[in-house]
Amino acid sequence: ACYNDIPKKDFKEIGQISDMLGEKAVKILVKSAREKAKPAAAGEYFSGTPVDISALTKVSKDDLGLLAQPAKPRFNTALVGIYVRSQPYGGSDKSSNGHRYDTIPFANGMIS
């Protein structure tokens, strides 16, 4: 099973949900960016990014169905998944490439 196995009739709904998630994520990021544009208040810590991901290992086989990355993204985001090495494909919630079935649609929602 993989991304291409999603029934065509479900793609429209997946697209709508992904777009909605993307819009919500942008609103959250815009709000966060506005708050961070203000000087840090006592106890706030803004310099903890970008996150060092050098210790992470990519285990998915491919990114089938993922939209191309924008040339000039408005925000930098990440979608991280869990892969259980002792389970086929990384777990029962995974497709044959190692991604959850909803990972690529979620990522596409953030891209669009």
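1. The pLDDT expresses the predictor's confidence in each residue, on a scale from 0 to 100. The present structure is a predicted model. Its mean pLDDT is 78, and 83% of the residues reach 70 or more. Residues 45-49, however, have a pLDDT below 50, and in the model this stretch has five contacts beyond near neighbours in sequence. Where pLDDT is low, the predicted coordinates should not be read in detail.

2. His99 is placed in the loop that runs between α1 (8-37) and α2 (103-111). Its relative accessibility is 14%, so His99 counts as buried, the cut-off for that class being under 20%.

3. Two polar partners of the His99 side chain may be noted. A polar atom of this side chain lies 2.9 Å from the backbone oxygen of Asp62. With Asp63, the polar contact is between the two side chains, at 2.9 Å. When neighbours within four places in sequence are left aside, the residues in contact with His99 are Ser60, Asp62, Asp63, Asp93, Lys94 and Ile104.

4. His99 also takes part in lining a cavity. The structure holds one cavity of 30 Å³ or more, and the volume of the largest cavity is about 50 Å³. Besides His99, its lining comprises Cys2, Tyr3, Leu64, Ser95, Asn97, Arg100, Tyr101 and Ile104. By residue class, this lining has five nonpolar members, three polar and one charged.

Terms used: Residues are numbered from 1 along each chain as its sequence is written. This is a predicted model: local features need pLDDT of at least 70, side-chain atom pairs count only at pLDDT 80 or more; totals for chains, interfaces and linings use all residues. Side-chain values use heavy atoms; hydrogens and water are left out. Helices (H or I, at least four residues) and strands (E, at least two) are DSSP runs, numbered from the N terminus. Buried means under 20% relative accessible area, exposed over 50%, partly exposed in between (1.4 Å probe, protein chains only). A polar contact is a pair of N or O atoms within 3.5 Å; within protein, one must be able to donate a hydrogen and the other to accept it, and residues adjacent in sequence count only if both atoms are side-chain atoms. Contact means heavy atoms within 4.5 Å. On a 1 Å grid over the protein atoms alone, a cavity is a set of points where a 1.4 Å probe fits but cannot get out, and a pocket is an open set with protein on both sides within 12 Å along at least five of seven lines; lining residues have an atom within 4 Å of a point. Grid points are joined across faces, edges and corners, and a volume is the space filled by probe spheres set on the points. Ala, Val, Leu, Ile, Met, Phe, Trp, Tyr, Cys and Pro count as nonpolar, Asp, Glu, Lys and Arg as charged, and the others, Gly among them, as polar.
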